[in-house]
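This report walks through a single chain, from its sheet to its backbone details. Have the structure open while reading.

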Amino acid sequence: MLIDRFNRRINYLRISVTDRCNLRCIYCMPPEGERKLRHKDILRYEELLRIARIAIKLGINKIRLTGGEPLVRKGVQEFIPMLTGLSGLDDVSITTNGVFLKDNLKLLKAAGIKRINVSLDSLKRLNFKLITRFDYFNEVWEGIEKARDMGFYPIKINIVVMKGINDNEVLDFARLAIDQPYHIRFIECMPIGLQTNSTAFVSNSEIKKALVKTLGPLTPLSHGQNDGPAARFRFDGGKGEVGFISAISDSFCRDCNRLRLTADGMILPCLLSNTEVDIKEPLRRGCLDEELIKVFQKAVDLKPPSHPLNLEHDQMVYRKMCSIGG
Ligand code: SAM
Ligand code: SF4
């Protein structure tokens, strides 16, 4: 079992399968995109499966696929069933921008994936285009509705709220959590990469206040094992729920149970720090499993008690979110 120095049990691995993406969200990537990793520097699927097997041996029972955009990597449709077929995993989920969701839902369902997170920062086509720099709102929305109709649950919709850009849509998002079974997650914009601008920051407490004022009281929901860092609530009579992921205003590290694997083979003990442990080097040297186990243990030992970021210091994480995977 992986237990860190602060007695947190680590049972969750987020795997970024690619650094590439078909969108250019303004808080994540510049218009021209980031410099791409070379093909040979990206972990191959058989390498990802070996790492996943070792992780499972160490008590990881939950894996999330992310990116870049996971659904753009060639061969991911063959990889996903191989991953979900590994014994010892209780839960495999995916975080996607939703552009190719509709076309992949059958495959995801057949592979046993039930939980889907879709990043959607606007419910208006033009604003979606402004934020992502592409006109794919309709594709994403169709994907979400089809996923709902096919019985995926929960479908979490992640919105990064930015002042003057989409903060005027928070009530519309919250209404969705009343009328539909969606789980709306408000995510505070984090100072990662170079695109973020602290003047655009909106705290989740501001958002919560605005929701309660207009839509009525929010009842807290108990913290389930798949909740991660979200504080969850429901409106009276709501079919869905809202959640707040407050990385900056309320450090969410107390219950951190996760490690992250980047597409280029580094394990990150913490999302919001610059420490990395190389797993690709020993893997490609042909090491024994014991050495990979030690890499995992080292990464767990390096987990900090909490992340050091706050808006005043505006301390940056060097890696871009598109190479970490969120
Ligand atoms: N492309 C996929 C997507 O957008 O869902 C997966 C990768 S994306 C990096 C994962 C999550 O990170 C998305 O929900 C995105 O909104 C979030 N994200 C990216 N940059 C962020 C930032 N600076 N602050 C907060 N969240 C961010
Ligand atoms: Fe792509 Fe996701 Fe980053 Fe948007 S947030 S540019 S969809 S990786």
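Contact here means heavy atoms within 4.5 Å. The model is a predicted one.

Asn61 sits in the loop between α1 (45–57) and β2. Which residues does Asn61 touch, not counting residues up to four places away in sequence? They are Asn11, Gly88, Leu89, Asp90 and Asp91.

Asn61 has a relative accessible area of 18% and is therefore buried; the cut-off for buried is under 20%.

Twelve strands make up an open sheet with mixed pairing. Their order is β7-β8-β9-β6-β5-β4-β3-β2-β1-β10-β11-β12. Two edge strands, β7 (218–220) and β12 (277–278), each pair on one side only. In general, strands of a sheet pair through backbone hydrogen bonds, in either a parallel or an antiparallel sense.

Two pairings can be followed in detail. Strand β1 (residues 12–16) runs parallel to β2, and five bridges join them. Val118 has Ile157 as its bridge partner in β5.

## Strand β2

Is strand β2 (residues 62–66) mostly covered or mostly open? Mostly covered: five of its five residues are buried.

The side chains split by direction. Lys62, Arg64 and Thr66 point one way from β2. Ile63 and Leu65 point the other way. Both sets are buried, the charged Lys62 and Arg64 included.

Asn117 belongs to strand β4 (residues 116–119). Why does Asn117 count as buried? Because its relative accessibility is 9%, and the limit for buried is under 20%. Leaving aside neighbours within four places in sequence, Asn117 is in contact with Arg64, Ile94, Thr95, Thr96, Lys156 and Asn158. Among these, Arg64 is one of the buried residues of β2.

Helix α5 (residues 137–149) lies across β4 and β5. Its run is at about 150° to β5.

## Phe186 in β6

Phe186 is placed in strand β6 (residues 183–188). Its relative accessibility is 0%, so Phe186 counts as buried.

Residues up to four places away in sequence aside, Phe186 touches Ile159, Val161, Val170, Phe173, Ala174, Asn204, Ile207, Leu211, Val242, Gly243, Phe244 and Ile245. One of these, Asn204, lies 18 residues from Phe186 along the chain. The C-alpha atoms of this pair are separated by 7.1 Å.

## The second largest pocket

How much space lies in the second largest pocket? About 250 Å³. Its lining consists of Thr18, Arg20, His39, Lys40, Ile42, Leu43, Arg44, Tyr45, Val72, Arg73, Lys74 and Arg284.

By residue class, the lining divides into six charged, four nonpolar and two polar. The charged ones include Arg20, Lys40 and Arg284. Ile42, Leu43 and Val72 are among the nonpolar ones.

## Backbone exceptions

Most residues other than glycine have a negative phi, and most peptide bonds are trans. The following cases depart from that pattern.

The peptide bond from Tyr153 to Pro154 is cis, with omega near -5°. Pro154 lies in the loop between α5 and β5. Asn7 has a positive phi, near 65°, and belongs to the segment before β1. At 65% relative accessibility, Asn7 counts as exposed. Arg133 is not a glycine either, yet its phi is positive, about 65°. Arg133 is placed in the loop between α4 (125–132) and α5. Its relative accessibility is 31%, so Arg133 counts as partly exposed.

Note on methods: Residues numbered from 1 in each chain as written. Chains lettered and ligands numbered in written order. Predicted model: local features only at pLDDT ≥ 70, side-chain atom pairs only at ≥ 80, totals over all residues. Heavy atoms only, no water. Helix = DSSP H or I, 4+ residues; strand = E, 2+ residues; numbered from the N terminus. Buried < 20%, exposed > 50% of the residue type's maximum accessible area, 1.4 Å probe, protein only. Pairing = 2+ DSSP bridges. Axes fitted to C-alpha atoms, helices over the stretch in contact; angles between N-to-C directions. 1 Å grid on protein atoms, 1.4 Å probe; cavity = no way out; pocket = protein on both sides within 12 Å on 5 of 7 lines; lining within 4 Å. Points joined across faces, edges and corners; volume = space filled by probe spheres on them.
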